[in-house]
Each structure stands twice: as C-alpha cells, then as structure tokens.
Protein chains: 2
Amino acid sequence: MSDRASDSLPQLSDGEQGFPRPTPNDNEVDGRLLASQVASRLRDMIVQDELKPGMRIRERQLSERLNVSRTPLREAIRILVGERLVDTLPNRGAVVASPSAEEIRQLLEVLGTLEGMAGRLAARDATDAQIGEILALHHEMLSAYYRKDKLAYFKLNQAIHKSIVEAGGNQVLIETHRQLNARLFRVRYVSNQQSGRWHEAVEQHEQIAAALKARDVDGLEQLMRAHIGQTWLKVSTAIS
Amino acid sequence: MSDRASDSLPQLSDGEQGFPRPTPNDNEVDGRLLASQVASRLRDMIVQDELKPGMRIRERQLSERLNVSRTPLREAIRILVGERLVDTLPNRGAVVASPSAEEIRQLLEVLGTLEGMAGRLAARDATDAQIGEILALHHEMLSAYYRKDKLAYFKLNQAIHKSIVEAGGNQVLIETHRQLNARLFRVRYVSNQQSGRWHEAVEQHEQIAAALKARDVDGLEQLMRAHIGQTWLKVSTAIS
DNA sequence: TCACCATCTTTGGCATACAATATCTAACAG
DNA sequence: CTGTTAGATATTGTATGCCAAAGATGGTGA
C-alpha cells in the first residue's frame, strides 16, 4: 500500500472552483484567525481524500507543508475534533475519522431525517426563484446522467441536496446537515463510482423535483427521507 | 451588573452527581489530553451559566484559575468552537455563544425533528427495560410536578428526553442531540422557571409515556415533534 | 468644556523550546 | 530461534516568551 495521496479518489476538485466544499463558517476567507483557515484547509483535504481515513496526522510534517507552525495547526485539529472529523488517540496524536459501516448507516439515517425536514421546509417556504434554481440543477443532473458523466452527476447531486436544505432557510439545519455530510462525503463519492441502482436514484430525483414543484410538503418530506435509504443500499454494497 | 458567577442560575449541580451534564465523548474522564479535560470543564461552566452568553473568555485569567497554561486552554476553546458553543471574534478572542431568538427557534425546530426520529426508533427498538426506566422517570417527574419542585422537574424532564434518544440506539443521533441541546441548555433552564403552560407540558408527557408504552411508532414521533413546539412557546415568552 | 490624538496597557496570536510518552529496534537470554 | 527487555529516536503535549493589534486613558488644543 502506498502512502501517496489521492490514488483512489482522482483529485476531486482539479482546479475547478464550483465544488461544494464545506464552507468555513466563522472566518471570512483568510480574513482572520490562522487556525480557522487551516481548519478549512484540512476539511478540504479530508473531504478530497488527500488525508485518508485512519491516517495519522503528523503535526510537524503537515505544518511545514502548510507553512504554518505547529500551534495553529494543532488548534485547527481541535476544531475538527469538535466537528468529529478527526479523532485523537491518547498520546499518539490525531487521526482522520474513519466511520464504521454501522456509523455510516446511522449517519445516513439521521441525515435522511434532516433532509426530510428540509424538504418539508423547502416545499413550504422556498421562493419560486429557489425552486427554479433547484429544478435547473435537477435537469443539469439528468443531462449528466444520460451522458454517464459520473463526476458531474455527483457534484450536481450534492448541489441539489444542499440547495434544498438551504431553501428551507433554517441555518441550524443547514449547518448540522453540512457537518454530518462532511463526515460522509468520501464514502458517498466512492459509492457513486458504482453504477448499480443509478436508475432508481434518478427516478427518485424525478419524484423529488415534481413534489418540490408542486410544493407537496408531506410528499417531499417522505421522498427525501426515503431517498437516503437508496444511498445506504449503494454505500453498503460499496463498502462491504 | 456583577461579574460574580452563578447569580441568575442557582448552581445547577450543587454537589450532586446524577446531573445530565454533556458527557465528554473523546476522553475517558481525566484519562488523557489536558485540552479535552479543559473542554469538558468549560462545557460545564457554560451550561451551568458560570460562563454567561456573550461573556468574553479571558485566556490568561481563566488559565491560571484552572491551573493550566494558555496553550491547552486555547485548544479547549477551539474544540468548543467546533461544537458551536463559543464564537471567536477576529482579534478579540472568544466569547460564549449567545443564540438569538431566531437561532433558538431554529435549534428547537431541528431538535424537535430529531426527537421525533428518536421517538420512532425508541418505540420500535427500545428494550422493555429501557421503556420501564423511562416510565419510572416519567412518574418521578410527575411527582416533582405535584410538589411544584421546579428544579427536580427540570432535571427529570431532561433525563427523560435524553433516555428516549438513547433508547433509539443511534449513536450519531445521540451525539447530535447532545450537541444541539447543550446550546439550548441555559435557555431551557431559564424558561423552565416560568410556571405558564406547565400543565400542558405535563399533559404531553403523559401522552408520550402512553405512546411509548404502547410502542406506537408514528404516534410517538408526532408527539415528540409537537412537544418541542410547546417548549418554544415557553421559551419565546421567557426571552421576549 | 468637548473632541480628538497619542501613548500606554492589556490581550490575543504565533513560534519556539522543553518535557513526557510511545514506538521501534536491537541485543541478550532462555 | 524466539521472546522479552532496554535503550534510542521520534512525535506528541505543555509551557513560556515575544510581537502585534485593539482598547482605554489622559492630555492638549480648539
């Protein structure tokens, strides 16, 4: 096994900007606080599989790679500990969190509930413009589907879910969703590589789009909740 | 206004042990890692209103009070930043997070959804022993209600909700619930001081207990979700 | 008397240095 | 030849110190 970074995930964000990276929430992009900046950087590295699950984080090595001293790096690591993206072992430092199959299932279960709630809120409160944008993304995604462009499909899929959550307008929900989703990002990407059940997922997205368009509150909640079950089926076969 | 700690909240955990404090998750109680220990301590201080919302956290002062150097204290603060219990201002350090009314509403909305999910899981998967324990707590709480013992009522109420979530068996849900609840703990305590609508809350708890006993999955989900609305009514009048 | 500016003090931010602990390796004994 | 122990090395954990930035306070000028 090599320790080269990114040999299973082919550089997700290869230069492009529009990637749905987990936005830093407390720091206005390199405005202040080195620790927060580094935390954002680490988040990206974890999510893009540059830092793989289970991997030890060598403080000195990583700090000189990022051109900061160990202190802000350590503080950044603590932030990620608070977000459950890294774990710390007693005197062995920090490792990137590697959720077990069961933990992934539980994460998806919670996320499904939250997305159901988001669907309810979005169907009720979203502006017509927001719904229009989501429908636009939906059709872009369909386009990627028919072209069998997995990467574009993946990105658009993520963007759609994120947009629906944001359309709900509940900041706490948005933040919680973002945080849980970050812990699942890698596994979602991996499972997306598989072609199985792709059709069903698209079918569900059609229904979701229709329910949103019709502002069917209960329907959208149910669909969003059920949709995650689909994800679990894909993921569970992918990681077994 | 004095800066004496704990003059609005009368020492919640006055020596007793059975208080539902937000359990540290990564460190086995003073096992390792000073930063985590300090983080737990800070969490308690925030939750017990020893550190009040909006209060600046003086690093030097607090560090010598806790007999640690600034470094582990700063790292502890970062952990709490990750948990959204404290915010950091650009160059002015850390302050205890003070959620706005709207943020409190949103927190309760999400929490209601999560507790609804927990109710569903608990009604389906809880062991008979777990349900028995919850019912026992329920009747203890009723006892406190008839004695008008607000503090005991509050603690038991918290314990019941926590137990239901735990009975669901989803660790991620438990953890997320704990984290969001910590951000609401103080305001919940304050609103509990008010006597208004106490009866309705007890009424709802009766229904919840009945649904749990009957393992009514859908019923319990609905009740748990609706129950939070009640909390919001109490809270919103308390903070207005 | 009030407003504005300068200086001074406090506090946070970061790096470096030191101490403690674990791991890895090698040697020695059984 | 294998298992255990001891020493060396590397890495993490904690403290201290220096520097910069923001806030407070006092003085001076209008």
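Trainee: Which residue in β3(A) is the bridge partner of Thr88(A)?

Mentor: Ala94(A) is the bridge partner. Some ground rules before going on. This is a predicted model, where local features need pLDDT of at least 70, side-chain atom pairs count only at pLDDT 80 or more, and totals for chains, interfaces and linings use all residues. Residues are numbered from 1 along each chain as its sequence is written, while chains are lettered from A and ligands numbered from 1 in the order in which they are written.

Trainee: In what sense do β2(A) and β3(A) pair, and over how many bridges?

Mentor: Two strands pair if DSSP finds at least two bridges between them. Here β2(A) and β3(A), residues 93-96, pair in the antiparallel sense over four bridges. A hairpin through three residues joins the two.

Trainee: Which residues form the covered face of β2(A), and which the uncovered one?

Mentor: In a regular strand, side chains alternate between the two faces of the sheet. In β2(A), Val86(A) and Thr88(A) make the covered face. Asp87(A) and Leu89(A) make the uncovered one.

Trainee: How many helices and strands does chain A have?

Mentor: Elements are DSSP runs, numbered from the N terminus: helices are H or I with at least four residues, strands are E with at least two. Chain A has nine helices and three strands. Their order along the sequence is α-β-α-α-β-β-α-α-α-α-α-α.

Trainee: What share of chain A is buried?

Mentor: A residue is buried if 20 or more other C-beta atoms lie within 10 Å of its own, exposed if 12 or fewer, and partly exposed in between; the C-beta atoms are placed from the backbone. Buried residues make up 40% of the 240 residues in chain A. Ile131(B) counts as partly exposed because it has 19 C-beta neighbours inside 10 Å.

Trainee: Which residues touch the most other members of the largest nonpolar core?

Mentor: A nonpolar core is a set of buried Ala, Val, Leu, Ile, Met, Phe, Trp, Tyr and Cys residues joined through C-beta atoms within 7 Å. The largest has 68 residues, and Ala118(A), Ala122(A), Ala118(B) and Ala122(B) touch the most other members. Apart from it lies another core of 44 residues, including Ala76(A) and Leu73(B).

Trainee: How many residues of chain A are in contact with chain B?

Mentor: Contact means C-beta atoms, placed from the backbone, within 7 Å. By that test, 29 residues of chain A meet 29 residues of chain B. On the chain A side, α3 (70-82), β2 (86-89), α4 (101-125) and α7 (171-193) each supply at least two residues. α4(A) gives the most, with eight.

Trainee: What rotation superposes chain A on chain B?

Mentor: Copies are superposed by least squares on the C-alpha atoms of residues with pLDDT of at least 70 in both. A rotation of 180 degrees, with 0.0 Å of shift along its axis, does it at RMSD 0.1 Å. That is the relation of a two-fold axis. The copies meet through the same surface, because 100% of the interface residues of chain A are also interface residues in chain B.

Trainee: Which residues are closest to DNA strand C?

Mentor: A residue is near a strand if its C-beta atom, placed from the backbone, lies within 6 Å of it. Here 18 residues surround DNA strand C, and the closest are Leu34(A), Ser69(A), Thr71(A), Glu59(B) and Gly93(B). α3(A) gives the most to this surface, with three residues.

Methods:
Two residues are in contact if their C-beta atoms, placed from the backbone, lie within 7 Å.
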